[in-house]
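Colleague: Please take one part of this model and go through it closely. I would like the nonpolar core and what surrounds it.

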Amino acid sequence: MLHFDLRKKEDADHVDWRAMLETKRETVQHETLQAFYQQGWVSPDTSVSQVSFVALDFETTGLDSQQDAIVSIGLVPFTLNRIRCQHAQHWIVNPNRPLAESSIVIHGITHSDIVNAPDFSHVIEPLLSALAGSVVVVHYRRIEREFLDRAFKQRLGEGIIFPMVDTMELEARKHRSGKRSFMDWIARRPPESIRLADSRHRYHLPFYQSHHALTDAMATAELLQAQIAHDFSPDTPISELWR
């Protein structure tokens, strides 16, 4: 995933997800989205130890969801106790636009990789099948949320939205707010990096080469497991983590 500033506020930060998902279930028109929302969702008061998660990561042609597109998708299902590597999935999709050299340098996906790759529309059904009934975990939700919604609107005529746990936001809660942040400001210390690799380092997780969607999804799954083990009770309601 490409990372950038967290300061841009998301409108969906304080959504009543129970009501939102019920509204989507009743109002979506496309049969594919109807099937997705009708499979139900994890109750907000479910403890995190009882939740099935799916870590999700995209590589994209750039950072603007209105101008750029998804080029690869990685996902890994997991719980707090187990990462189900055998069910991990990775797709390269054709963004239907030229790749900028700057993005090729970052994610390593080239023109030859995408020339015969399927359009995003061909992975919609297996993607939704993998996400249905689980809570999606990402590292900086704005990328996955905006690019996914845009891709669905372009292919199905309707967008998609659901709550996500954002491991970057959990790091921001810990390192970018409160007394510690104020003291850093007084001392003119730079803020803690909340990038994926730097966040993993603080929990003594191994280094993984970044900017491969499947590797980043795996890294995000491990990071959430570590964050909950260090900073939350297994009984924490999922509603305290998702946005």
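Modeller: Contact here means heavy atoms within 4.5 Å. This is a predicted model, in which local features need pLDDT of at least 70, side-chain atom pairs count only at pLDDT 80 or more, and totals for chains, interfaces and linings use all residues. Residues are numbered from 1 along each chain as its sequence is written, and side-chain values use heavy atoms, with hydrogens and water left out.

Start with Trp242. Leaving aside neighbours within four places in sequence, Trp242 is in contact with Trp17, Trp41, Val42, Ser43, Pro44, Val135, Pro163, Met164 and Val165. Trp242 lies in the segment after helix H10 (213-231); helices are DSSP runs of H or I, at least four residues, numbered from the N terminus. Trp242 is buried, at 5% relative accessible area. Buried means under 20% relative accessible area, with a 1.4 Å probe and protein chains only.

Now the core. A nonpolar core is a set of buried Ala, Val, Leu, Ile, Met, Phe, Trp, Tyr and Cys residues joined through side-chain atoms within 4.5 Å. The largest one has 59 residues, and Phe53, Phe120, Phe162, Val165 and Ile238 have the most contacts inside it. Helix H6 (residues 141-156) gives the most to this core, with 6 residues. Phe53 touches Val165, Leu224 and Ile238, among others, not counting residues up to four places away in sequence.

Finally, H6 itself. Its buried residues include Ile143, Phe147, Leu148 and Phe152, but also Arg141, Glu144 and Asp149. Just after H6, Gly157 takes a positive phi of about 80°.

Terms used
Buried means under 20% relative accessible area, exposed over 50%, partly exposed in between (1.4 Å probe, protein chains only). Helices (H or I, at least four residues) and strands (E, at least two) are DSSP runs, numbered from the N terminus.
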